[in-house]
Amino acid sequence: MECSISQLLQLAALAQLRRLEQLTVHPEGNPLLRLTLWRTFSIYRLQQLNLHKINGTEVTVNDVIASERMFGALGHVAATETPRFRLLLLLEESRKRQLQFLMDGRGRRSGQSPEDLKENGRPMGDGVCRGLFNYPSRLTDSAEDSASDRSVSVQQYLQGLIQSASSRCVKADALQKIWPLLFSEIIRDSVLDMRDTHTYRHNSLQRLTHTH
């Protein structure tokens, strides 16, 4: 109750326990229960813990089969697409060697039996697939922080654009108001400067000389 559980990966963290026969997650303070598949995911991910009940409801064989159908294929796809070094990080040393045999196709050539490649009575590959649902949780915080940083940067950039556009609009409005008077002053000054043509040419040549 009131654990702020909002993601499936938070439930996957329970897989670190050795045994868990019952799991109770109250709707109060746990947004995760709004997700329809949270119970199915829990059954799939925590199956090795001998889970019997979830929120007081018994976990049946049909529930287990349904969870395998729902998430099993996803787990195998994740295992296929995940780099080998990340798969090895999920296992202990004894299991790493077995996984290496599996991935290299050397298990049978080395004389290992299928029983040697099992973990808790299940094919070791299934354990790896389930473990992959834990791996991204190590990166979740940094990913959220990165997204938050990007959001702040975008907000600041947009605010800068708005301020720049607003400033230009203000300047344009001011120019429209003073332009008639400014234009008249420019014409007047030009006429006054050109009254004496000789002096005007001399001054213009002087300006050009100093400019270049």
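How many helices and strands are there in the chain? The count comes to eight helices and five strands, where helices (H or I, at least four residues) and strands (E, at least two) are DSSP runs, numbered from the N terminus. Read from that end, the elements run α-β-α-β-β-α-α-α-β-β-α-α-α. The model is a predicted one, so to speak of a local feature takes pLDDT of at least 70, and side-chain atom pairs count only at pLDDT 80 or more, while totals for chains, interfaces and linings use all residues. Numbering starts from 1 along each chain as its sequence is written, and side-chain values use heavy atoms, with hydrogens and water left out.

Turning to the chain as a whole, 21% of its 212 residues count as buried; buried means under 20% relative accessible area, exposed over 50%, and partly exposed in between (1.4 Å probe, protein chains only). Among contacts (heavy atoms within 4.5 Å) with a separation of 6 or more, 66% come from residues 24 or more positions apart. Zero disulfides turn up in a search of the whole structure, a disulfide being a pair of cysteine sulfur atoms within 2.5 Å. As for individual cysteines, Cys 3 is partly exposed at a relative accessible area of 49%, and Cys 169 is partly exposed at 47%.

Next, the sheet. Three strands make an open sheet in the order β1-β2-β3, with mixed pairing. Its edge strands, β1 (22-23) and β3 (57-58), each pair on one side only. Pairing here requires that DSSP finds at least two bridges between two strands. β1 and strand β2 (residues 53-54) run parallel and are joined by two bridges, with Gln 22 standing opposite Lys 53 in β2.

Helix α2 (residues 38-45) is largely enclosed by the rest of the structure, because six of its eight residues are buried. The buried set in α2 is Trp 38, Phe 41, Ser 42, Ile 43, Tyr 44 and Arg 45. Two of these, Phe 41 and Tyr 44, belong to a cluster that ring pairs link together with Phe 71. Another residue to look at is Ser 67, found in helix α3 (residues 61-81) and buried at 0% relative accessibility. Leaving aside residues up to four places away in sequence, Ser 67 touches Thr 40, Ile 43, Tyr 44 and Gly 72. A polar atom of the Ser 67 side chain also lies 2.7 Å from the backbone oxygen of Val 64.

Aromatic pairs number three across the whole structure. One of them, Trp 179 with Phe 183, is tilted, at 5.6 Å centre to centre and 45° between the planes. For such pairs, ring centres of Phe, Tyr and Trp (its six-membered ring) lie within 6.5 Å; planes under 30 degrees apart count as stacked, over 60 as edge-to-face and the rest as tilted. Both Trp 179 and Phe 183 sit in helix α7 (residues 137-193), four residues apart, about one turn of the helix. An α-helix has 3.6 residues a turn, so residues three or four places apart point the same way. Trp 179 is partly exposed, with a relative accessible area of 40%, and Phe 183 is partly exposed too, at 42%.

Last comes helix α8 (residues 197-211), whose 15 residues reach 21 Å from first C-alpha to last, close to the 21 Å expected at 1.5 Å a residue. That expected span is 1.5 Å times one less than the number of residues. At the start of α8, a side-chain oxygen of Asp 196 comes to within 3.3 Å of the backbone nitrogen of His 198.

How values were computed
A polar contact is a pair of N or O atoms within 3.5 Å; within protein, one must be able to donate a hydrogen and the other to accept it, and residues adjacent in sequence count only if both atoms are side-chain atoms.
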